[in-house]
Each structure stands twice: as C-alpha cells, then as structure tokens.
Amino acid sequence: MAKTFTAEDFGARIERAGRMAEAAGLSGVVVTPGADLLYLTGYVPVAITERLTMLVVPSDREAAMIVPVLERPDAESAPGSSNLTLSDWADGNDPYEAAAELLDPEGRYAISDAAWAMHLLGLQRVLPDSHYVSTSDALPMLRAVKDADELELLAAAGEAADAAFYDIVGVRFSGRKESEVAADLAEALKAHGHSTVEFTLVGSGPNGANPHHEFGERVLREGDMVVLDFGGIKDGYTSDTTRTVHVGEPTEEERKVHEIVEQAQQAGFEAVRPGVACQEVDRASRKLIVDAGYGERFVHRTGHGIGLTAHEPPYMVEGEEHVLEPGMCFSIEPGIYLPNEFGVRIEDIVAVTDDGGRRLNTTPRELTIVA
Ligand code: ZN
Ligand code: ZN
Ligand code: ZN
C-alpha cells in the first residue's frame with residue numbers, strides 16, 4: 001500500500017512555501033493546477049480548464065484557495081483543504097475580481113510556471129500594481145528536497161522501471177521496429193505498477209545519436225546500438241532510466257564509447273554529497289567525456305530533478321550553483337552522440353544522502369547484449 005500524504009504533511013509544505021517566499025522577498029506564492037498545487041494541497045481538479053482555480057500562499061497569513069463553485073465539493077475533499085480558507089466564484093462573474101480578494105494589490109508573487117497566460121493577464125488586469133515572477137526562478141527548490149515518504153515512492157518507481165528493463169532485454173530486438181520495442185516497454189512499465197507511461201524512447205543505430213528521438217518505424221538489426229530511455233508515474237511519483245544495449249556483438253569502438261559513458265556516469269555519482277554545487281556533478285561527468293575526446297558529442301546537461309514531474313529543479317548543469325542537500329533527487333545521464341552512427345546514454349536516478357548518493361536504479365550499467 002503506497003503512502004498517502006495527510007493534512008499535516010500538506011500543512012508543513014504550505015508553511016515552508018510561505019517561509020521560502022518571505023526569504024525571497026515576495027508577498028507569497030500563487031499556485032494554479034498542476035504539480036505545485038498537488039504538492040501543496042493534494043488537490044487535482046477533474047480537468048485543467050479555462051475556469052480559474054488558484055491557491056495563494058501568502059508569506060504572512062493563512063493560505064487561501066478560490067475554485068469554481070461547481071468544483072467546490074472536490075476541492076473540499078482534497079486532503080490538504082483543511083489548511084486553507086476556501087472560497088468560490090460562479091459562472092457569469094469575473095473570477096479575477098473574486099481572486100483579487102486573496103492578493104495584496106501591490107504584492108509581488110511567485111506564480112506557477114504552468115499558470116495559463118489568460119489567468120496571469122486576468123490578475124494583472126484587476127491588480128495593475130501587483131507583480132509576478134516565475135516560481136522556478138524565485139523558488140526553484142520548493143519541491144526539490146524530498147521527505148522520507150517521497151523518497152520511498154521514488155525508489156519504488158525506480159525499482160518498477162528496473163523490472164521493466166529486465167523484461168525488455170529478454171524480448172527480440174532484431175527484425176522488429178523501434179515502435180514495437182517501445183510498445184513492449186510501455187507494457188512492461190504498466191505491468192510493474194506504473195499508472196501512466198510518460199515516455200519510451202527507443203533510439204536504434206543512427207537514431208540513437210539524436211538524444212530526443214522517441215521511436216519510429218526503423219527495423220532493428222544485428223549490430224545496432226539501442227538507447228532505451230523510459231519512465232512513467234507510479235503512485236504519483238516518476239521513474240526515468242536509460243540503458244544502452246547492443247544487438248549482437250559490438251565493435252571495439254562501440255565498446256569503448258559505452259565504457260566512457262559508463263565511467264562518466266560513475267564519476268557524476270561519486271561527486272554527489274551534501275554541500276556540493278549542482279554544477280560539480282555536471283563537471284565530474286563531463287570531464288571524463290571531454291578527456292576522452294568526445295566533449296562536443298555530449299550535447300546536453302548531465303541531469304534534472306525528478307519527483308511529481310519528470311523534469312524539475314535541481315538541474316545538474318554548468319552555472320547551477322545551488323548546493324545539494326540530503327533528500328534531493330535527480331538524474332545523472334551523460335551521453336555521447338555520434339551523428340549518423342549511434343548514441344550511448346546511461347541514466348540513473350540518484351538521491352542525496354547524508355554522506356553521498358544512493359542510486360534508485362540498479363540494473364547493470366555495463367553494455368547488455370540483446371538478440
Ligand atoms: Zn554495433
Ligand atoms: Zn530519461
Ligand atoms: Zn532523465
């Protein structure tokens with residue numbers, strides 16, 4: 001039975017959000033439906049529509065949420081609703097006039113990255129002296145440090161993705177299309193408890209040299225390197241792992257490139273400990289690849305945070321000076337991409353512990369041979 005979060009859990013998160021906003025010199029946080037609202041209240045509206053739902057977490061008073069009157073019963077039954085003053089608005093009225101009651105007319109707020117432009121424009125119309133900045137800019141670490149229950153859910157999602165990998169290396173690759181292997185992967189993710197499949201990338205041969213190639217109709221054959229990057233949502237938390245496999249015996253060059261990426265992934269992992277800047281994880285991985293002469297073929301950052309969403313702060317990227325704290329959770333996924341030839345990427349989710357890192361993916365990182 002997966003952990004369910006209580007009103008107390010959400011209350012503590014709301015309090016922390018208020019403190020973070022204050023520390024950032026803001027009047028509060030404006031939250032619209034999506035991961036931030038789920039994180040702070042447990043509330044997921046039946047659909048994200050043009051009807052305004054908005055939570056305001058002020059730095060100096062109680063949090064309040066306004067919802068369409070027809071969705072009020074749903075909002076009231078959300079686990080975190082007891083921490084909020086709830087109000088509503090009815091069709092035919094201006095929702096922004098109603099929402100203005102929750103805001104300081106001259107306030108400066110962080111607003112959810114995913115807030116619809118129409119809602120932000122509506123607020124700016126009724127409160128022309130209020131100001132807004134993006135939550136990911138102002139409060140990037142709002143959801144970054146996971147508590148023990150969240151870590152458990154992330155570990156369980158990782159384990160389920162690993163189980164899907166063990167399934168997939170047993171299927172036939174050669175003679176089948178990328179799309180067919182991708183469908184097998186999706187099925188395996190679901191079979192191991194994912195409620196949603198977020199992505200199943202199958203990049204075979206030259207397609208693997210495009211880091212975001214999803215999958216296509218290319219038929220796999222003996223000799224192909226195949227990048228498999230997949231994940232989904234299990235009990236609310238996301239999995240994301242990559243392994244690169246080879247159909248039949250690899251060449252010397254393929255082995256060598258894979259080995260470099262494996263060592264780069266390990267170097268990134270070994271750089272993880274509290275107090276280290278995120279960019280140091282990127283630098284540690286990247287150094288291995290640069291020193292091996294493939295620096296220009298590693299065309300993306302080393303990693304991204306993960307939690308309720310697949311990509312969130314903290315980012316393991318040059319210039320990110322935020323320091324790692326115990327409970328932060330992110331990917332380490334260096335790669336080498338050789339245009340028209342093949343690609344290699346190896347990705348584990350890693351949680352920061354008191355004295356280092358803990359891998360939430362544990363399938364073999366060595367090059368696996370498939371049939
Ligand atoms: Zn090959
Ligand atoms: Zn991935
Ligand atoms: Zn990833």
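1. Two rings of Phe, Tyr or Trp form a pair if their centres lie within 6.5 Å; planes under 30 degrees apart count as stacked and over 60 as edge-to-face. The model under discussion is predicted, and a search of the whole structure finds three such aromatic pairs.

2. One of these pairs joins Phe 5 and Phe 10: the ring centres are 6.5 Å apart and the planes meet at 65 degrees, so the arrangement is edge-to-face. Phe 5 is buried, its relative accessible area being 15%. Phe 10 is likewise buried, at 4%.

3. Another pair consists of Tyr 109 and Tyr 132, with centres 6.3 Å apart and planes at 25 degrees, so this pair is stacked. It links distant parts of the chain, as Tyr 109 belongs to strand β5 (residues 108-111) and Tyr 132 to strand β6 (residues 131-134), 23 residues apart. Both tyrosines, Tyr 109 and Tyr 132, are buried.

4. As to the overall fold, the chain contains 10 helices and 18 strands. Its radius of gyration is 23 Å, close to the 21 Å that the globule rule gives for 371 residues, so the chain is as compact as a globular protein of that length. Along the principal axes, the C-alpha atoms fill a box of roughly 65 × 40 × 40 Å.

5. Of the 371 residues in the chain, 55% are buried. Among contacts with a separation of 6 or more, 67% involve residues 24 or more positions apart.

6. The accessible surface of the chain amounts to about 15500 Å², and carbon and sulfur atoms contribute 50% of it. The chain carries 31 positive and 63 negative charges, whose mean positions are 4 Å apart.

Conventions: Residues are numbered from 1 along each chain as its sequence is written. Chains are lettered from A and ligands numbered from 1 in the order in which they are written. This is a predicted model: local features need pLDDT of at least 70, side-chain atom pairs count only at pLDDT 80 or more; totals for chains, interfaces and linings use all residues. Side-chain values use heavy atoms; hydrogens and water are left out. Helices (H or I, at least four residues) and strands (E, at least two) are DSSP runs, numbered from the N terminus. The radius of gyration is taken over C-alpha atoms; the globule rule is 2.2 Å times the number of residues to the power 0.38. Buried means under 20% relative accessible area, exposed over 50%, partly exposed in between (1.4 Å probe, protein chains only). Contact means heavy atoms within 4.5 Å. Accessible areas come from the Shrake-Rupley method with a 1.4 Å probe; for residues, only the protein chains shown count as cover. Lys and Arg count as positive and Asp and Glu as negative; His and the chain ends are not counted. The place of a charge is taken as NZ of Lys, CZ of Arg, CG of Asp or CD of Glu. Rings of Phe, Tyr and Trp (its six-membered ring) pair if their centres lie within 6.5 Å; planes under 30 degrees apart count as stacked, over 60 as edge-to-face and the rest as tilted.
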